[in-house]
Amino acid sequence: MGLAHVQFETIHPFLDGNGRIGRLLITLLVEHWKLLDQPLLYLSLAFKQRQQEYYARLAAVRSDGDWEGWTTFFLECVREAADDGVRIARDLHALIGRDRARIISHERSTVAAIRLLESLPVHPVITVPRATTLLGITAPTARKAVDLLETLDVLRETTGKRRDRVYAYHEYMQILTSGET
């Protein structure tokens with residue numbers, strides 16, 4: 001994967017988007033070679049955090065043929081990305097567990113609210129109509145579930161509107177995007 005990435009970046013075949021496509025190539029190769037069950041290895045963040053070294057290593061391959069230096073750097077980034085993935089998975093698991101316990105212990109807890117929480121990792125941005133469809137419940141029941149999760153600060157309204165409101169599982173999203181500044 002690392003060798004294919006550096007070769008693609010060296011060829012630089014497009015006027016724009018070579019970096020994004022080169023990073024996507026890594027993900028596609030992981031999937032194609034069935035190295036992981038899901039695309040959980042996010043190397044872009046590791047490259048971004050070590051951006052100067054990333055460019056220096058790419059340049060060293062082109063100018064000096066330093067494949068070993070590139071390979072070592074690439075594997076360090078793979079390790080960092082894997083460690084980040086494990087940390088993020090643990091943090092998300094802990095968050096969902098805490099939120100589930102808060103919902104269950106609340107006096108207005110409902111099965112719909114618990115089911116809504118369970119659907120949020122796949123649908124972290126939601127509306128009441130979407131919750132109605134996802135859970136196969138009535139709109140008033142979905143509204144109550146959303147209201148409870150908003151009261152508990154699990155969901156936050158993002159539009160500021162009175163109608164057609166959109167809610168986000170904000171802390172979940174923050175964990176997913178941690179380090180992406």
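**Close-up views of a predicted model**

**View 1. One side of helix α2 faces inward.** The buried residues of helix α2 are Asn-18, Gly-22, Ile-26, Leu-29 and Val-30. Seen down the helix axis, these buried residues fall within an arc of 135 degrees, so they line one face of α2. On the face turned away from the buried side, look for the exposed residues Arg-20, Glu-31 and His-32. Please keep in mind that this is a predicted model.

**View 2. The length of α2, and what follows it.** Helix α2 has 15 residues (18–32), which at 1.5 Å a residue should span 21 Å; its end C-alpha atoms are 20 Å apart, in agreement. Just after the helix, Lys-34 takes a positive phi of about 55 degrees. Trp-33, Leu-35, Leu-36 and Leu-40 make a nonpolar surface patch of about 430 Å². Of these, Leu-40 is found in the loop between α2 and α3, and this residue is exposed, with a relative accessible area of 60%.

**View 3. Helix α9 and its neighbours.** The buried residues of α9 are His-170, Tyr-172 and Ile-175, and they pack against α5, β2 (156–157) and β3 (167–168). Leu-176 also lies in this helix, which covers residues 170–177. Leu-176 is partly exposed, at 38% relative accessible area. Leaving aside residues up to four places away in sequence, Leu-176 touches Ile-88 and Leu-92. Leu-176 and Arg-162 are 14 residues apart along the chain, and their C-alpha atoms are separated by 28 Å.

View 4. Arg-50 forms a salt bridge with Glu-76, with 2.8 Å between the closest N and O atoms. The pair links distant parts of the chain, 26 residues apart: Arg-50 is in the loop between α3 and α4 (51–64), and Glu-76 is in helix α5. Arg-50 counts as buried at 17% relative accessibility, whereas Glu-76 counts as partly exposed at 27%.

View 5. The structure holds 14 salt bridges. In one of them, Arg-87 pairs with Asp-91, the closest N and O atoms being 3.5 Å apart. Both residues lie in helix α5, 4 residues apart, about one turn of the helix. Another salt bridge joins Asp-153 and Arg-156, with 3.0 Å between the closest N and O atoms. Elsewhere, salt bridges that share partners join Arg-50, Glu-53, Arg-57, Asp-66, Glu-76 and Glu-80 into one network.

Notes. Residues are numbered from 1 along each chain as its sequence is written. This is a predicted model: local features need pLDDT of at least 70, side-chain atom pairs count only at pLDDT 80 or more; totals for chains, interfaces and linings use all residues. Side-chain values use heavy atoms; hydrogens and water are left out. Helices (H or I, at least four residues) and strands (E, at least two) are DSSP runs, numbered from the N terminus. The expected span of a helix is 1.5 Å times one less than its number of residues. Buried means under 20% relative accessible area, exposed over 50%, partly exposed in between (1.4 Å probe, protein chains only). The arc is that of the directions from the helix axis to the C-beta atoms. Patches are made of residues with over 30% relative accessible area and no salt bridge: like charges are joined within 9 Å, nonpolar side chains (Val, Leu, Ile, Met, Phe, Trp, Tyr) within 5 Å. Accessible areas come from the Shrake-Rupley method with a 1.4 Å probe; for residues, only the protein chains shown count as cover. A salt bridge is a side-chain nitrogen of Lys or Arg within 4 Å of a carboxyl oxygen of Asp or Glu. Contact means heavy atoms within 4.5 Å.
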